[in-house]
Each structure stands twice: as structure tokens, then as C-alpha cells.
Amino acid sequence: MRFREGTRMGLKIDEIDDLIRSCGSPLVIYDEEILKSTYTELLYSLNGAKLIYSVKANPNVGVIRSLAKVGALFEVASDNEYELLKRAGIEPANIIFGGQAKTRNGIELAVKDKVLFFNLESEREVELLIDITEKEKVQCKFLLRVNPDMEQNAAIMKMSSCASPFGVDVARLDEALMISNDTNAIFSGFFMYNGSQYYHAEDIIRNTKYLLGVAKKYAEKYKIEYLDFGGGFGVIESDTQDELDLKQLENGLKQISYSEELPYLKSVFFESGRFIATKCGTLVATVIDTKWSKGKRFVILDTGITNLGVRQMCYRLFEPFTDFVTNNNEIITQTLIGPTCTSIDNIRTDCVGKKLSIGDYVVFKYAGSYLLSYSPVYFCGQSTPCEVMKSKDGEWILTKRKTNIANDFGYNY
């Protein structure tokens, strides 16, 4: 065996060696059992609500089909994501169509397919859905996204409670909803997504209570069937943080009566992408080179900003989980650098750990979400990693490594 028996990430080194020999480096490894168990654990904490997976977090077909096995619903944010789900075999009745830039073609297709409902973001989208459903003579339900007036918003990345391109301000709700009276576009409830990365259960509970209060104000005027409380469940980025307490979340949500004063309420929903997908993924990189400069040691990897997505420096608050796979036990300070020709391709600065050499591995934990789909994968012509799914039945390749991007830039012209 080339290195020690295993990593802190739970991967055996001989397994990594075998996969890199057959698939190349960099490499993404997903664990299906972790993915499914994370979904079911979060679902269990939601006091009977349904759980929607936000496809944008990781649109890989293997991830989608694995979540379908445990009964997940899916939210798409574009025509292309909707087409991806259909090709993956997901029934339209299990799809919610969201996103703030819907096209007429996308809405028409989803209406004909009879998606579960739309999350609409503006008066223009309401008018567009009315026009399409009237022409198609098909009824379709929609939820209207609320841009709330909450005084407190503890999300790390705030999406509302301020001037926002997302949703309709609370003050304009009546005006937006009056448009759909007596049409085939049927208003059925509210959707509110305040932001991303809530690390504390009480913040999610507060958000839930707020939207419930907004819905109660409209209970007599409209027959509210659905409430979508959004998500933003926080995922830790380092060993120094505490994980979101799902038991505390469960106990807090149990104190909320979703149906109180909402006699027509049929279902409530929460959404999550990052929380569901993050823990199941591991990114493995190989050391390409090492060098000293003015007393500082640099380690150059074959992955960086082109693969790391929201784990990039400008999007994270903490340094990413890393495991150094090497035979060298010397402890040293070194800076991890990606392969592209820019100073921003800085993965970890002055991190203390075992001295890395050419051919060693760096393993990134919690890399299952906002990875390739949120990265400048074309920059400097770098290779995209192979993606592999591990399950009880073995391993299989989901996406092959792409080493030649010439065709994507029209070099067959």
C-alpha cells in the first residue's frame, strides 16, 4: 500500500489510488448512502413537511436518481435544469419550477407536462403563466415568492428582507395576486427564501413563523393550499464550527401548527440543496509541483477555482476541510495553489500539516454541492474531474473526465 490505511474523510488510500489510476485526477467521489441518509435525516426534522431538493446545488444525474429513490421532490431554476430532470426520469408531478428568469418556452413545456406547481417571482411571471394556461386551457397552480420585511435575517448570504430582484415585496402582494383572479393560473400559496447558510436552528424557526404569519393575513381572502418555507440549512465549512442541530430544529418546528387559521392548507415544504448534497462528496487532487519563494512554500495542485465552486476563497468564511495523504511525517507550513494562471487560485494559505510532495493527494471533505456547476471550469483549459458514485453495490462512473475542451469552443468549425 502506497500510503497509510485511510484518511479522516473515511476513504481508503488504496481505493483512491485505484480510482485515480482508472479515472484520472482530479476526482470527485460521491457516497450514495450518505446522500440518502442526509436527506432522510433532514426530512425527519421538519415536522411532517415535505422536502424539496434544489437541483442547482448538484445537477449530476447520479445524485438526482439517488435522491429519487428516497422519494425526493425537486426544484429547478431554469429550462435546462427542467430538461435535465426529465432526461433523468423524474416525473413532472414531482417537480417545482422556480428561478427568477423563466422563459415562455420553459413555462409552456412545464404547464403541458403538469408540474406540481410554479414558484413565481414577479407580476410579469404571473401574467405570463395566465396567458399560457388560458391558451392551453390547462389549470396550473403557483406559489408567489415573498420578499419579506423581516428585521432580522441571520443568513450568511442574504436573498431578501432588502431591495431584491427575488420575489414580490410584501406591500405589493395584493396587487400581484389580483392579476390571477378567475384564471387558469391558480394562486395556491407563498414561497419565501431569505438566504443561505443558517447555522442555527432558531433562525430557521423564526423564518418559518414569519411566513406563516404572512399567510394568515391572506387566509380569508385566498384559499392557501401550500406554503414553501424555503431552506438555507447551514453546512459547516471547518472543524471549528458546530453543525446545525437537527434535533433542536425538530423540537422547534413541532411547536408550530402549520394549519392553524389556514383551513385549506394541504402541504408545507422546505427546500435544500447544499445541506442535502454537501456531505456526500469528496474531491481528490494530486500534487503537481512544489516550490519555495522568499521563504514561503507553495504546493501546486491539479484542481482549484475551476472545480471548487463555493469553496473558493471569495465565497467561504472558513478554510475548507482538507486531508493530506503522504508518507512524509514532517510538519510544515505551506500554501495550496490551484493550476490556473491567476493569484486568486489560492486554496489554503499558510496551512500547517504534513509536508506534501509531487504525487501526493489532498482530499477535500464536504465537496458534494456547488462544485463543478458553480465553477469557471473552462478557465486555462483545465480538465474537469471524473465523478464516481459509491454505493452498497459498488462504484460506477457518473461523468467521465474531460481533458480536451476544444470542441466546446468551436474548434470543429
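Ile300 has Ile337, a residue of strand β16, as its bridge partner. That pairing is a handy way into this structure, which is a predicted model.

**Strand β16 and its partners**
- β16 covers residues 331–337, and five of its seven residues are buried, so the rest of the structure largely encloses this strand.
- On one pairing, β16 runs parallel to strand β14 (residues 296–301), and three bridges join the two.
- β16 also pairs with strand β17 (residues 346–354), this time antiparallel, through six bridges.
- If you want to spot one of those links, find Ile331: its bridge partner in β17 is Lys354.

**Glu125 in helix α6**
- Glu125 sits in helix α6, which spans residues 123–136.
- Is Glu125 buried or exposed? Its relative accessibility is 0%, and buried means under 20%, so Glu125 counts as buried.
- So who's around it? Setting aside neighbours within four places in sequence, Glu125 is in contact with Gly99, Gln100, Ala101, Lys102, Asn119 and Leu120.

**The second largest pocket**
- The second largest pocket has a volume of about 410 Å³.
- Its lining is made up of 20 residues.
- Lying nearest the centre of this pocket are Leu372, Ser373, Val377, Glu387 and Thr399.
- Sorted by class, the lining of this pocket has ten nonpolar residues, seven polar ones and three charged ones.

Key: Residues numbered from 1 in each chain as written. Predicted model: local features only at pLDDT ≥ 70, side-chain atom pairs only at ≥ 80, totals over all residues. Heavy atoms only, no water. 1 Å grid on protein atoms, 1.4 Å probe; cavity = no way out; pocket = protein on both sides within 12 Å on 5 of 7 lines; lining within 4 Å. Points joined across faces, edges and corners; volume = space filled by probe spheres on them. Nonpolar A, V, L, I, M, F, W, Y, C, P; charged D, E, K, R; others polar. Buried < 20%, exposed > 50% of the residue type's maximum accessible area, 1.4 Å probe, protein only. Helix = DSSP H or I, 4+ residues; strand = E, 2+ residues; numbered from the N terminus. Pairing = 2+ DSSP bridges. Contact = heavy atoms within 4.5 Å.
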